Amino acid sequence: MHQRRWPDLLPDLLRDISGRLHHAVDFVRFHAVCRPWRDSHDATGTGTGTTQSFLPWLLAPNMKNHDALRLTCVFSKTSYSAPLLPDIPRWVANADGTAVRYLLGAHPYSSLHDPLTGVTTHVPPVPEGKYMCFSFRPQGVLYRDGTILLYTKHRMIDDDLYDDETTMFWAALLRPRDTAWTVVERILEGFQYGSFCVTYHGGNILVSVESSKWHVIMINDDVASDMIVPRPSMPTDRGDYYYRSGHLLESRGELLWVSIHVPNFPQDGCGDNIFDLLQTLELFVYGIQEVPGSDKIQWVRKDGKSLADRIIFLGWPNSFAVDASQLGVDGGYAYFIHSDGDADLYEWSAVFRYNLIHNKVEFVEWLPQGWRDDSWVRKSSTQAEQRMAVAVATYQCLLYWKISGRC
């Protein structure tokens, strides 16, 4: 019986297979197999599979080599390193996770550098504020419409204004067609080292410290015009849990707040390990809605089943959601990093996922000791990016041909 050789597979079949590869490494290896497989790539944009999403990578400085950026994919179990990072990168990540940059140089910052592509983008010099100096390391998010939001919080520099229970919030906003940054500063309730949530949504800045209350800051207006959004009641308000972290993201046009809570364990250290965490951590998702008959807004808890077709990646400075169908994985999960947080080099750090339907946390993978950041980056493969991947595959094929003399 005649057997079809692998290079003779139909182009439509090859394109369909390629479109189901959501690991970037698998995508490149597939197109490196032989010339027909490489030629099946649709570079003209006339066929199917011209756009696909790859599973995200976690990135953090390599603790053994501080001038490198280390990336790891918990789905494909692969790692990668990119060179040349500043000692403490000030990240500016795309809101949808498709790119990450850092503020290049020293104050006044005037450029953003992408360590994965090497591209540098120039921006107007970033100004300081009345109570702000750049030793406080601002970070930020680049939104789909091109708006850049930089932000940080710190204790008051002016000793006359210092208060243990207040935090100075600073933000700089650069919208499309702006020629200069708009600086916003507020004194907020909450401890300086408390969990911190910030986003730009609907033309305003939303910020919260320690989740006690939410401030909707009206751009170009004074403090009196700001809106206060009360914190919703939560199942963990009984007192034996504390607010570990919060994350803001936009999914399908809706602003979501993901709130993570862990127990207040006894002082003997019991509970500060992965086994206790798997049994006790709580995660809630809220959506923001208008209060009926009012111009106010409120947080309303979402049913996990309403997120069953999405995957949420929680990190800093950005978090994002992706349709599970785009990644070829099951939906209804939120991925996040949890560390012991008690030392400069954390004793342990691991990736977990929370089942939003069954309210259960699951262990995914240990991370190397000292892994402190939890930034996610993913690549949505456009035609140009696919051509870059195929170019790499072509080079690999040429090496293979030279060695073996065949495809």
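## Close-up views of strands and cores

View 1. Ala 93 stands opposite Val 100 in β6. Strands here are DSSP runs of E, at least two residues long, and helices are runs of H or I, at least four, numbered from the N terminus. The model is predicted, so to speak of local features takes pLDDT of at least 70 and side-chain atom pairs count only at pLDDT 80 or more, while totals for chains, interfaces and linings use all residues. Residues are numbered from 1 along each chain as its sequence is written, and side-chain values use heavy atoms, with hydrogens and water left out. Strand β5 (residues 91–94) runs antiparallel to β6 and is joined to it by three bridges; two strands count as paired if DSSP finds at least two bridges between them. Five residues lie between the strands of this hairpin, where Gly 97 takes a positive phi near 80°.

**View 2. Here is β6 (residues 100–103) with its side chains.** Which way do the residues of β6 point? Val 100 and Tyr 102 point one way, Arg 101 and Leu 103 the other, and all are buried, meaning under 20% relative accessible area with a 1.4 Å probe and protein chains only. Strand β7 (residues 111–113) runs antiparallel to β6, with two bridges joining them. Look for Leu 103 and its bridge partner in β7, Leu 112.

**View 3. Four strands make an open sheet.** Their order is β17-β18-β19-β20, and the pairing is antiparallel. At the edges are β17 (241–251) and β20 (297–301), each pairing on one side only. From one strand to the next, the twist averages 30°, with axes fitted as lines to C-alpha atoms and angles running from 0 to 180 degrees between N-to-C directions. β17 pairs with β18 (residues 254–263) over 10 bridges, and in β18 the bridge partner of Glu 250 is Leu 255.

**View 4. Leu 283 and Leu 314 have the most contacts inside the largest nonpolar core.** This core has 22 residues; such a core is a set of buried Ala, Val, Leu, Ile, Met, Phe, Trp, Tyr and Cys residues joined through side-chain atoms within 4.5 Å. β18, α4 (274–280), β19 (282–290), β23 (333–339) and β24 (349–355) each supply at least two of its residues, and the largest share, four residues, comes from β18. Beyond its neighbours within four places in sequence, Leu 283 is in contact (heavy atoms within 4.5 Å) with residues including Val 258, Ile 260, Leu 314 and Tyr 354.

Conventions:
Buried means under 20% relative accessible area, exposed over 50%, partly exposed in between (1.4 Å probe, protein chains only).
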